[in-house]
Amino acid sequence: MLSRRLSALTAVAVLAVAATACSGGSDPTPAPSGSGAAAPGVAAAYQPQHAGGDLHLLAKSAGGSLDPKVNYTLQYWQLFQAMYDGLLAFKKVDGDASFTVVPDLAEALPTVSADGLSYTFTLRKGVKFSTGAEVTVDDVAASFKRIFEVDSPTAGTFYNGIVGAANCLTDKATCDLSQGVVVDPATNEIVIHLVAPDPELSYKLAVPHAAINLAGSPTSDAGNVPIPTTGPYMVASYDPNTALKMVRNPAFAEWSHDAQPKGYPDTISETFGLTVEAAVTAVQNGQADWIFDPPPADRLNEIGTKYAAQAHVNPLTAFWYLAMNTHLAPFDNVKVRQALNLAVDRDAAVKLYGGTQLAQPVCTVLPPGFPGHVDDCQYTKGGGTTWKAPDLAKAKALIAESGTAGMEVGITTTDDEVNKAIGEYVQSLLTELGYKATLKPISGNIQFTYIQNTNNDVQLSLTSWYQDYPAASDFLNVLLSCASYTPGSDSSINISGFCDKDVDAQMQTALTTEQTDPDKANTQWAAVDKAVMTQAPLVPLFTPKLIDFTSKRVGNYQFSRQFYMLVIQLWVK
Amino acid sequence: MLRFALRRTASAVLVLFSISVLVFLIFFATPGVDPAARIAGRNADQATLRAVQHEFGLDQPLPVRYALMMKHLFVDRDLTSFVNRGVRVIPQITQAVPVTLSLVVGAAVIWMVVGIAMGTGAAAWRGRAADPVIVVLGVLGVSIPVYWLGEVVNLLTQSRLHDGVFSWVPPLGYVGLTTDPVQWALHLLFPWLTLAALYAGIYARVLRSEMLGALDEDYVRTARAKGVSERRILLKHALRCSLIPVVSLFGLDFGALVGGSALLTEVVFGLPGVGRLTYTALQNLDLPVILGTVLYAAFFVVLANAVVDLGYAALDPRVRRA
Amino acid sequence: MSASPADVAALPPRGSAPSTPAARRAGTAAEGPWRRAAGQLVRNKGALASAVVLLVVLVACLLAPVYARSIAHTDPFTSNVSGTTVVDGRTVPVLAPSTTGLGLGVTPIGPTGDPAHYLLGADNQGRDVMARLLYGGRNSLLIGTGAALTTCLLAGLVGVLAGYFGGVVDGVLARVLDVLWAFPVYLLAISLSVVLLTSGLHLGPVHIGAGSRWLPVLIIGLVYVPYVARPLRGQVLALREKEFVAAAIGVGCSDWRIMRRDVLPNVLPTLVVFLPLMVALAMLTESALSFLSVGVQPPQASWGTIINDGLGLLYTRPAVTLGAGVAVAVTAAALNLLGDGVREALDPRARLRGAA
């Protein structure tokens with residue numbers, strides 16, 4: 001995932017993942033009115049005395065389309081949790097258990113065939129859309145087809161393994177998934193056939209892109225027109241310039257407390273347009289309940305002291321990094337890349353992000369606590385397994401060896417406060433190292449695609465990656481494999497252009513091992529991480545934490561590691 | 001007169017056309033602007049990208065794209081945003097218009113009243129202490145960046161002094177006039193004052209210099225000699241004549257503001273007007289909305305210019321042949 | 001575009017400069033208009049005070065390197081995020097992490113009152129604000145003056161040509177000015193800056209990159225041309241009807257000669273009057289463009305960029321944005337007052353605005 005705003009969160013928890021995904025846990029700050037004091041991993045019982053009220057959320061701008069198959073932003077995925085359901089879902093609880101996949105519209109977890117190519121589900125009976133129509137297997141079949149009809153962003157990356165998908169991707173008109181998704185209305189059975197085993201399929205079925213829509217839904221992006229929902233809420237109105245309003249779904253009756261629990265507020269509205277500074281003030285004054293955007297740097301101290309009881313800090317499985325273009329000078333020289341890794345003061349980057357309580361320096365691609373992560377740091381002063389300090393002397397020596405001193409280097413970042421600040425620091429560092437560095441801040445709406453397109457000759461860029469689901473492949477394979485590098489395209493997520501045949505082969509081995517032995521696979525992923533960092537196509541900076549700032553009246557704050565704050569579980573009464 | 005009016009209209013249309021072409025060209029010369037990838041989502045694969053490009057007509061040559069966009073904007077009136085799919089541009093603009101009008105009209109009333117009072121006062125008390133004070137105040141108003149002033153006002157009214165002196169200040173945002181007139185006015189109070197602070201100074205100084213000039217004219221001297229009171233001279237003679245250039249200036253400024261040039265004020269105070277729409281569209285590089293808002297703004301500037309020109313032509317025949 | 005009655009009745013012609021044999025023969029009983037104006041200006045207390053203020057600002061900004069090197073011992077262009085400094089005898093980090101409550105956020109040190117150690121405090125990169133203010137003033141004044149000169153130059157050219165030749169020339173130029181006037185400056189600025197991000201513009205020997213100071217000078221200079229060109233054009237239109245010009249034509253002078261010797265000296269005072277006002281306007285526009293990340297690029301500073309950076313620190317360290325805001329306001333105010341004085345000296349009747 002790119003960033004909070006542009007990323008989608010899909011979390012799937014493999015058993016091994018749940019075991020190894022340790023540290024942090026959920027927010028250590030005592031929430032004011034406490035949650036339901038349930039056992040960890042178990043969804044708290046519904047407390048009717050807190051039901052009701054209007055929850056007022058704020059966001060700087062709208063998040064795009066209302067169509068769950070099209071939207072790929074965290075902003076709306078957080079809200080879609082309360083509206084749409086797939087065959088499977090992530091457990092909507094606080095803490096690590098939120099990585100667990102549980103059956104949602106399916107009655108139980110799928111039965112997987114021996115060769116891993118068939119997944120059998122039985123559809124739950126009695127679940128209704130907000131129109132009153134019951135969810136049938138025909139809706140399921142139509143929904144999978146719709147993924148390709150609307151050009152879902154992950155159609156080609158998540159769902160290309162379904163039989164018939166390859167043809168759907170190239171020719172929508174003749175799209176036929178009848179062999180890939182076989183449904184039987186008599187038995188309510190759904191069987192998904194794959195062309196190759198995919199241990200991550202459960203995850204992919206639990207994200208909003210795989211939500212079940214009513215058959216007959218528009219075959220193109222629904223855009224601003226609300227479509228029927230199955231969850232406890234539905235969209236009442238949506239104007240991207242003013243607000244998104246959600247109300248209770250009258251046809252909803254809770255069927256699984258883990259997968260889709262009933263919500264507390266009667267209405268939820270997300271208003272757009274206030275600057276983030278103004279939004280923070282509004283929450284402080286009790287005029288709003290929560291802001292989606294991260295608070296600006298100069299309000300953090302205030303929030304952490306005067307409003308500490310309303311601030312919730314949680315670790316994320318993500319990292320911020322500098323991508324170096326391995327095809328452009330001076331970064332085509334491995335010495336220069338290693339030098340930059342040695343020279344960057346990650347403590348400075350952490351300070352600019354908001355301090356040690358909000359970020360932690362990293363040296364590896366996989367974040368701490370992530371499956372496959374092993375503490376290792378090849379670029380710190382004095383050696384060791386964790387980062388301690390920059391080593392400017394060694395860096396300068398390496399640069400001298402490379403003979404690239406004096407070259408022009410451009411650093412591309414987004415133009416928001418934090419990114420620009422870190423970019424300015426890197427520019428200052430590069431100047432100190434002997435380069436002619438310039439900072440190029442560009443609008444956050446185009447920066448991500450801009451730095452991916454090799455036609456733009458971007459040498460160095462500041463960017464971030466947030467997990468799609470907790471599997472090492474989501475970081476290493478997606479970001480650094482040869483297949484993710486497409487020159488001349490706006491969609492080439494391997495921004496460094498790193499393509500090493502040996503490392504690619506190692507990744508393939510790890511992917512295959514994943515199907516049978518996840519633990520062994522994780523060790524292999526750790527080795528891949530180390531191999532990648534030896535060639536240093538990027539400079540990992542830090543792993544961020546998320547801060548949620550809620551108003552005084554809000555209670556029952558719960559943090560799912562997959563979808564972050566559980567919006568509809570908040571109490572406003 | 002009619003020929004003059006026709007010529008003016010023709011040139012206005014030409015100007016609008018040139019602006020639309022320029023905006024379109026600038027947008028497509030801007031690198032990284034291909035909306036297909038952003039619409040398709042992060043990490044979309046090539047087939048998805050191509051499909052989106054085709055759907056939005058982004059693979060056609062430039063003149064065709066321009067013609068299509070103009071057709072959608074003016075003929076079919078269904079031009080939709082690139083960023084918010086399905087949202088039409090024209091309704092977005094029409095919804096934002098009342099907000100901008102509320103802001104601009106209110107601020108205009110305040111700055112005209114204050115500006116004229118200050119300008120007249122400065123001219124009347126020329127030479128005494130009040131004159132330079134008024135001039136300096138006016139100059140300061142012009143010299144302060146409006147978004148800076150707005151942020152400082154917010155800092156004081158919403159945050160620092162919100163618990164005390166300014167507890168009556170409502171949260172930022174806009175409330176419709178028909179929904180609740182009192183709240184409408186309260187929400188707009190500080191935006192009005194901030195915007196008016198900028199323009200009051202300008203008008204005070206312009207009026208002052210015009211009036212000083214008028215007070216030197218022969219007919220004023222004659223009136224004084226005839227024994228007319230100074231106050232009557234000031235208000236009935238000097239002020240009336242000085243108001244013409246002030247009014248023409250007002251026409252130009254008002255035209256520009258209605259078109260959305262108060263965008264920084266709207267952004268800082270969270271008012272969903274045309275200015276803020278332009279600002280977000282620029283940030284998002286959403287071409288259809290940019291095209292719509294820029295043409296809307298240009299239209300008002302051109303209209304205001306034309307009205308003022310026609311006014312002068314009606315008053316002074318010499319001008320018609322220019 | 002047409003002339004307003006205000007323009008038509010604008011400046012009374014001054015006739016030729018007193019270098020003609022006739023004037024010389026008449027003796028130096030009449031002071032030259034420039035001399036007269038200068039004398040009047042000096043007598044104007046407000047204008048004089050403004051000039052002094054401007055001089056102080058200018059000198060302070062020119063001495064920026066001296067301040068940075070010898071007084072503050074700091075490099076205002078290198079980030080100092082992890083650095084330390086001495087306040088009240090204690091060594092403190094320049095960017096101090098919060099230690100109370102949840103310990104969130106990092107705050108730069110505030111004004112210390114000690115010129116050797118961050119007089120006005122540090123900005124979010126740990127740099128000395130006072131030193132950056134002085135260096136920033138250089139850029140702001142440079143851009144302001146450059147843009148104003150560009151505007152007056154181009155406006156003078158366009159105004160004289162359009163007003164003198166009339167007809168087709170006037171028609172075309174007037175339309176160009178209309179387009180320029182109606183075009184939103186922000187769009188122009190953002191697009192140009194994004195376009196120039198990659199390669200920059202090469203105009204002969206001048207290379208304009210995204211960070212080049214020529215970019216804001218050109219944009220701002222261009223955008224305000226109609227503002228000055230219109231009143232000027234009206235003035236030239238009126239001048240053209242005057243007898244001395246008709247006489248020159250009758251005598252057989254070429255167009256260029258007439259423009260140079262008869263028209264130009266009469267419009268020059270208008271341009272001079274506009275100049276300080278345009279500098280003030282350009283400086284304010286530059287600060288607005290910095291809001292959009294256009295113009296002066298990091299680590300260089302201008303008052304606009306410091307205001308913008310300071311807004312991000314408004315709630316913890318308001319001194320940063322207040323300092324730069326006050327600097328802009330005082331300088332612009334002084335320029336405006338000086339402009340008023342110049343106008344009163346050169347011609348109290350000049351109509352500066354209100355031209356259609």
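Which residues have the most contacts inside the largest nonpolar core? Keep that in mind as you click along; the tour ends there.

**Before you start.** This is a predicted model, in which local features need pLDDT of at least 70, side-chain atom pairs count only at pLDDT 80 or more, and totals for chains, interfaces and linings use all residues. Residues are numbered from 1 along each chain as its sequence is written, while chains are lettered from A and ligands numbered from 1 in the order in which they are written.

**Stop 1: chain B.** You will find 14 helices and 0 strands (helices are DSSP runs of H or I with at least four residues, strands are runs of E with at least two, and both are numbered from the N terminus). Now colour by pLDDT, the predictor's confidence in each residue from 0 to 100. The average for chain B is 81, and 89% of its residues score at least 70. Confidence is highest in helix H5 (residues 89–124) of chain B, at a mean of 90, and lowest in helix H2 (residues 35–40) of chain B, at 59.

**Stop 2: helix H4 of chain B.** Select residues 62–75 of chain B. These 14 residues reach 19 Å from first C-alpha to last, close to the 20 Å expected (1.5 Å times one less than the number of residues). After H4(B) comes Arg77(B), with a positive phi near 55°.

**Stop 3: a sheet in chain A.** Here 5 strands form an open, mixed sheet in the order E8-E9-E10-E1-E11. Strand E8 (233–239) and strand E11 (290–291) of chain A are at the edges with a single partner strand each, so one side of each has no neighbour in the sheet. Strands pair if DSSP finds at least two bridges between them. Select residues 54–59 and 267–272 of chain A: strands E1 and E10 pair there in the parallel sense over 6 bridges. Within that pair, Leu58(A) is opposite Thr271(A).

**Stop 4: chain C.** Chain C has 14 helices and 6 strands. Of its 356 residues, 54% are buried, meaning that 20 or more other C-beta atoms, placed from the backbone, lie within 10 Å of a residue's own.

**Last stop: the core.** A nonpolar core is a set of buried Ala, Val, Leu, Ile, Met, Phe, Trp, Tyr and Cys residues joined through C-beta atoms within 7 Å. The largest one has 364 residues, and Leu322(A), Leu476(A), Val228(C) and Met278(C) have the most contacts inside it. Centre on Leu476(A): beyond its neighbours within four places in sequence, its contacts include Val365(A), Met507(A) and Trp525(A) (a contact means C-beta atoms, placed from the backbone, within 7 Å).

Terms used: A residue is buried if 20 or more other C-beta atoms lie within 10 Å of its own, exposed if 12 or fewer, and partly exposed in between; C-beta atoms are placed from the backbone. Two residues are in contact if their C-beta atoms, placed from the backbone, lie within 7 Å.
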